[in-house]
Amino acid sequence: MAIGKVHGLAVAEVARGRGIASFLLKRAWQVYDQLDYFLLYGSFETDRDLGAFYKGCGYAVHAPGEGFLLERINQPLGIHAGPDQCVFTRWRSPR
């Protein structure tokens, strides 16, 4: 089972708006996809209001405090967020 987590994606304030974060996220997806990972996920604090950014990068954004199950890969586990967190996920398409 191969699952990757995006942790600590940040761009300096003076460099924002140049597409750097979306490029880094896209590249991370390409690397993990080539390595046959099933899922790439991460989370952000709700007060950061980053849902539209992650959706625009191809990720599903879950409601604050909502987690998700790993049943797609036959695992009886889930990943959950605190009430002040939103989780974003991107599953690899079946091959």
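I take helices (H or I, at least four residues) and strands (E, at least two) as DSSP runs, numbered from the N terminus. The model is predicted, so I note that local features need pLDDT of at least 70, side-chain atom pairs count only at pLDDT 80 or more, and totals for chains, interfaces and linings use all residues. Residues are numbered from 1 along each chain as its sequence is written, and side-chain values use heavy atoms, with hydrogens and water left out.

**Entry 1: backbone**

I looked up Asp49. Asp49 lies in the loop between strand 2 and helix 2 (51-56). Its phi is positive, about 50°, although Asp49 is not a glycine. For exposure I use relative accessible area: buried is under 20%, exposed is over 50%, and partly exposed is in between (1.4 Å probe, protein chains only). Asp49 is exposed at 66%.

I then turned to Asn74. Asn74 sits in the loop between strand 4 (68-69) and strand 5 (78-79). It is not a glycine, yet its phi is positive at about 55°. Asn74 is exposed, with 69% relative accessibility.

**Entry 2: aromatic pairs**

I count rings of Phe, Tyr and Trp (its six-membered ring) as a pair if their centres lie within 6.5 Å; planes under 30 degrees apart are stacked, over 60 edge-to-face, and the rest tilted. How many aromatic pairs does a search of the whole structure find? It finds nine. In one of them, Phe44 and Phe88 have ring centres 6.4 Å apart and planes at 25°, so I log the pair as stacked. Phe44 is in strand 2 (residues 39-45) and Phe88 in strand 6 (residues 85-91), so the pair ties together parts that are 44 residues apart in sequence. Is Phe88 buried or exposed? Phe88 is buried, at 0% relative accessibility. Phe44 is buried too, at 6%.

I also logged Phe53 and Tyr54. This pair is edge-to-face, 4.9 Å centre to centre with 75° between the planes. Phe53 is partly exposed at 27%, while Tyr54 is buried at 5%. Ring pairs link Phe44, Phe53, Tyr54, Tyr59 and Phe88 into a cluster.

**Entry 3: Arg90**

I found Arg90 in strand 6. Arg90 is partly exposed, with a relative accessible area of 25%. I say that a charge sits over a ring if NZ of Lys or CZ of Arg is within 6 Å of the ring centre and within 35 degrees of the ring normal. The charged end of Arg90 sits over the ring of Tyr59, 5.8 Å from its centre. I take contact as heavy atoms within 4.5 Å. Leaving out residues up to four places away in sequence, Arg90 touches Trp29, Phe38, Leu39, Leu40, Cys57, Gly58 and Tyr59. I also checked Lys55, which is 35 residues from Arg90 along the chain; their C-alpha atoms are separated by 9.8 Å.

**Entry 4: salt bridge**

Side chains of opposite charge can pair when their charged atoms come close. My rule for a salt bridge is a side-chain nitrogen of Lys or Arg within 4 Å of a carboxyl oxygen of Asp or Glu. By this rule I count one salt bridge. Arg92 forms it with Asp36, with the closest N and O atoms 3.6 Å apart. Arg92 lies in the segment after strand 6 and Asp36 in the loop between helix 1 and strand 2, so the pair ties together parts that are 56 residues apart in sequence. Arg92 is buried at 17%, whereas Asp36 is partly exposed at 40%.
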